[in-house]
Amino acid sequence: MRSVTFHNLTPVHPVGTRPGRGSHRSTGREWRVLAWLCRHPLFLLVPAAIVTGFVLLGPIVTGSIVGGLILAVVSWRRGHPPSFDRFLAPRLRSTRRRWTAYAGGRWAGVLAECDLARENRRTGQVTVPRVLRVRSSTPSIDTVYVRMARGQDLRTWTERAEALADALLTHRVAITRIRPAVLAVVVERVMPFDRVIPAPEIPADTADVDLHALDVGENEYGDPFTIRLPGKHFLTAGASGSGKGSLIWSPLCALGPAIRDGLVRVHMIDLKGGVETRRGARLFHRYATTAREAIDLLTDARDEMKARQAAMDGDRALTVSRETPLNVIMIDEMAMLTAYGERGDVREALRLLAEILTQARATLTTVMGYVQEPTKDVVDVRELFTTRICLGVTSAAHVDMVLGDGARERGALADQIPGDPAHAGIGFVIDTGSRLPVRFRAAYVDDHEIDELVERCAIHPPVRALPENGAA
């Protein structure tokens, strides 16, 4: 029986094979080690730096420097977790997982068990696809960049994706081809949200409302998931049942007292006849349930934006007040307005939306659109939204349409989120600092909590029911 040794894309020649013309000998081990060190220089440089420090500075000074660096990292992690998790934690996590989960015999064994190590039938040479890089942008998702063995293609890997996930003891694996012979293997290690996030507390007073950090859920680090309204426009994409309603009602809960006191005015467009939003109608400054009403609402919002621009007199931005409240335009099922309505209405709506989205930044007007299919045919103004959120979608292509090119490759597996109620509200957003996808779960607001919000923060009185005989 031939003996087989696994190396990362390094051919191994069993006895009796002929690696090169006129020679039966394989490349010397010292040259293979040198090539490996060239690919991973820190394994030589770090020990060399420590030894040099011992020689030049002495053990006490060198130990103090190393101890100081460790103490600084620990202090940073404990003292300011948000910045640590954004800048340093992904690099440390990537390095640790690169050498514990995706290296050496462990990696070779996993691929061999999944039939992803390729053997040349003529020579008996076995190659193992080599790991080029590991990026762990979040605690629960790794992206492993792999150079395939010659003769493999994307289908070879996608057919073995479930087996690979089980072999790695992970939740899910998704595979994308990023350039010739190189794959991005996205490994979802765990599903971080095993419970529903409760509705955010309705603030007691307007002073407790932070328009720049509205708490609408929780991210996978266990921190509040917040959004900023002034100067931003939001596009939320998600299939039916993905939890878009959570990103309608959670912001409204967080805004409650500001709505009641006239600092925020909500303009709601719901072309499903108000099925999703009718319960909160008393919160809305304007409410449109038909295409004609929606266009009138957008026209008035555009005109108010123009009037504010004319009154700014050189000011770069307005301040939220009762005289100049923040206008929030929410559009549920936006496709009914931008693609599926009457042609004239669609053309007019797109023109108004484009005007508002491009000019409203300084005039305290924010648009929040919600859509199931985020293609350009459906949302022609998609790129004008400054913040885009992707809940569970039905196509891998939709992820990059919403979050930008390469988002799925970097770990935003929104198309892999199950469509059942247990996973509603889970999605991805791109972190503005690191440009990496962050997974979150939006808070769920039930009917009782919507009624409480309306009772405490409504701006319109309840509609008085008429007696059965129709008398006033």
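A salt bridge is taken here as a side-chain nitrogen of Lys or Arg within 4 Å of a carboxyl oxygen of Asp or Glu. In this predicted model, Asp300 and Arg286 form such a bridge, with their closest N and O atoms 2.9 Å apart. Asp300 belongs to helix α10 (residues 291-311) and Arg286 to strand β11 (residues 286-288), so the bridge ties together parts that are 14 residues apart in sequence. Asp300 counts as partly exposed, at 38% relative accessibility, and Arg286 is likewise partly exposed, at 26%.

Helix α10 also holds a pair of its own. Glu304 forms a salt bridge with Arg308, and 3.1 Å separates the closest N and O atoms. Both residues lie in helix α10, four residues apart, which is about one turn of the helix.

The side chains of Lys306 and Glu355 meet in a salt bridge at 3.5 Å, N to O. This pair links distant parts of the chain, with Lys306 in helix α10 and Glu355 in helix α12 (residues 343-359), 49 residues apart. Glu355 is buried, having a relative accessible area of 16%, while Lys306 is partly exposed, at 33%. Through salt bridges with shared partners, Lys306 and Glu355 are joined with Arg302, Asp303, Glu348 and Arg351 into one network.

By the rule stated at the outset, the count comes to 24 salt bridges.

Terms used
Residues are numbered from 1 along each chain as its sequence is written. This is a predicted model: local features need pLDDT of at least 70, side-chain atom pairs count only at pLDDT 80 or more; totals for chains, interfaces and linings use all residues. Side-chain values use heavy atoms; hydrogens and water are left out. Helices (H or I, at least four residues) and strands (E, at least two) are DSSP runs, numbered from the N terminus. Buried means under 20% relative accessible area, exposed over 50%, partly exposed in between (1.4 Å probe, protein chains only).
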